[in-house]
Amino acid sequence: MKGLCLTDAAAKFVHERCEGLRYDEKKTAEEIKNGIYLGKSIKENQIPYNMQMDTDRLCLEVSLKHFLASGTAKDAFDVYFCFIEMFIGEYGKSRTLVELLSEFESNGSSLLMKHRDHYSHSVYVFALGLAIFETNKKYRDIYADFYKLEQGGDSPEAAHHFLRYWGLTSLFHDIGYPLELPFEQAVSYFEVNKENRSERPYLAYHSVKAYSGAANEILAKNISDHLGKTYNFDYDYILDVIIRKPRYPEDFNYFMDHAYFSAIVLFKKLYEEMKYELTEADIDALSSIILHNSMYKFCVAHYKEDGNIPLKAELLPLGYMLMLCDELQCWDRTAYGRNSRAELQPMDCSFEFAESEIKATYIYDESQRYKEKNLKNKAPGKPAFDEDIASIVFTEMVGLASEIEWKPRTQGRKHTYLSSSNFMSLYNFAVALNGRWNLGEDWKQALEEGNANDFLTEKTEEFQTMFEDLSLEYKLSNINQAKTFDEYLNAIGAFYTDKEVDYEELTEFTEAECRKIGPMEHERWLKEHLEMGWKYGDLSGDERERQRRHKDMISEEFLVDGKLLPEAAKLHYIMLDKEEQDKDVQPMNAMLSLLNIYDGVRLYRMK
């Protein structure tokens, strides 16, 4: 079998199958008629509208590649950001959906006995679904038939439809975990000698029925319509299950189901708060989310009992894909719980996707092989979850074959540094970074008068508006600069943290430190622009944005196959005019004040 790896298959889907994504030919006709472009770059009306849509799609493709190369939460953030901006609305209006999940997990999950990451996990699940759609014609045809897409499963219409609704299903399927975590924390707190859960105090959520509004009834109707006949249940039965899930955990073996809250919170956010017009496929996505954890397994299919029927894609394509990919994605998941940290988990997985075939090789750390007996493999050389997947979904359609392999652990993939802070402020910091370009002389005066923090605080609303007016490409550029600040600090022997530590505080960057950071920021900027298709050209204004040529870009002599030669960025930086060099270093001291305001952190020197 010779197929595509996960990154290549997922990227190919976005790059090739999704060509023309979100095009609007009416706007193109309007542009021709009025002679005014309707697309946004740095500002409105700079580029053709469909060119902006292509650039947005490239942003998603590049962000997905970066995440699959690193697996970090910071890069997962970019994928979420792109999807929300492209398909839901401005990120600032829906950010709590994903940021709270990350914060709850990293800060609260260490109190649990068992818990693993669900934030980066969801982006891996998203990528797996794209890869399977790209390489499995059977699924593509089933999907197109289910949604009556006239152009068929191999059409751009089907790919565009799948990207939108699969993204909604996969990226948001675990956002309800902040509601499950307190339940599990209480259970863990009262644990004594691992006694039965029924003997411990537990939490339950009341008044949920009022909060859920029409969601319970809508989802129950949708689920019973799609699955009721096959699994022999009716609307009243599944509605009762949905209503009792959060209120009576004793009826569900004393477990709380985050999937219920994921679906209900997403419904409320989209339909009631953001006035998002829900389609049939949106309801299918929400139904898939509410089913994906325990509801399908124990209340619909009873998958461990005789007569179990694994779910087929024909019944609910999005639900099928979510349950399949959710089970497959068990590698590279940060273990937060006390017991989870000691468990043996796959550190990586090597995929080969061919036409209607998936070969998955789960890779374990060779140094942990003494724990092999804990894998509980039902078949030698197979992952412990192999049979579970086949009980949950009909795996023959995707030709799934899985095995395990032992390898030495490789270091440095995630490029993590000592700096740490509240992850939720990454967006805020990017907003501030963009705003700094418009500080002008008022900023210098505020610095001289010692009022920098007050000045910046007063600017926060203005900064937010300025950021929202940017295109997705320029928003991501600011986010990526904010993400690499920890790398710059590491290079000069410094770090930031929101904890008080016994190190020398860094109150301003020296000239020598700025000279070291400058070339690093220029290299980041060059790589970012190369990935987004920019080339060298002495253009400015609207013409620069349309032709994607910038006078500070590197020339072809410094590139091989479109990538920078070693040391090329440093040499190119030296060749820049001092005014251009200063663009990379002047904001550095402004960042000290910005971080203090937007992240509540301080900077320290390691020595």
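## Overall picture

Among contacts in the protein between residues at least 6 apart in sequence, 74% join residues at least 24 apart, where contact means heavy atoms within 4.5 Å. This is a predicted model, in which local features need pLDDT of at least 70 and side-chain atom pairs count only at pLDDT 80 or more, while totals for chains, interfaces and linings use all residues. Residues are numbered from 1 along each chain as its sequence is written, and side-chain values use heavy atoms, with hydrogens and water left out.

The protein has 29 helices and nine strands; helices (H or I, at least four residues) and strands (E, at least two) are DSSP runs, numbered from the N terminus. Of the 607 residues of the protein, 55% count as buried, a word that means under 20% relative accessible area, with exposed being over 50% and partly exposed in between (1.4 Å probe, protein chains only).

## A sheet of three strands

An open sheet has three strands in the order S1-S2-S3, with mixed pairing, and two strands are said to pair if DSSP finds at least two bridges between them. The edge strands are S1 and S3, each of which pairs on one side only. Neighbouring strands of this sheet are turned by 15° against each other on average, direction ignored; axes here are lines fitted to C-alpha atoms, for helices over the stretch in contact, and angles run from 0 to 180 degrees between N-to-C directions. Helix H7 (residues 119-135) packs on the sheet and touches S1 and S2, and its direction makes about 20° with that of S1.

How do S1 and S2 run, and how many bridges join them? Strand S1 (residues 348-354) and S2 run antiparallel and are joined by seven bridges, with Phe351 standing opposite Ala360 in S2. These two strands form a hairpin with two residues between them, and Ser356 in the turn has a positive phi of about 60°. Strand S2 (residues 357-365) is mostly covered, since seven of its nine residues are buried. On the S3 side, eight bridges join S2 to strand S3 (residues 400-407), and this pair runs parallel. Thr361 stands opposite Glu403 in S3, and Tyr364 has Trp406 in S3 as its bridge partner.

## Two packed helices

Two packed helices are described by the angle between their axes and the distance between the axes. The axes of helix H14 (residues 258-273) and helix H15 (residues 280-291) come within 6 Å and cross at roughly 155°. That makes H14 roughly antiparallel to H15, because angles over 145 degrees count as roughly antiparallel, under 35 as roughly parallel, 65 to 115 as roughly perpendicular and the rest as oblique.

On the H14 side, Ala259, Tyr260, Ser262, Ala263, Leu266 and Phe267 meet Leu286, Ile289 and Ile290 in H15. By class, this contact of H14 with H15 has eight nonpolar, one polar and no charged residues; Ala, Val, Leu, Ile, Met, Phe, Trp, Tyr, Cys and Pro count as nonpolar, Asp, Glu, Lys and Arg as charged, and the others, Gly among them, as polar.

## Asp154 in its loop

Asp154 lies in the loop between helix H8 (137-146) and helix H9 (156-171), and at 39% relative accessibility Asp154 counts as partly exposed. Leaving aside its neighbours within four places in sequence, Asp154 is in contact with Arg17, Lys137 and Arg140.
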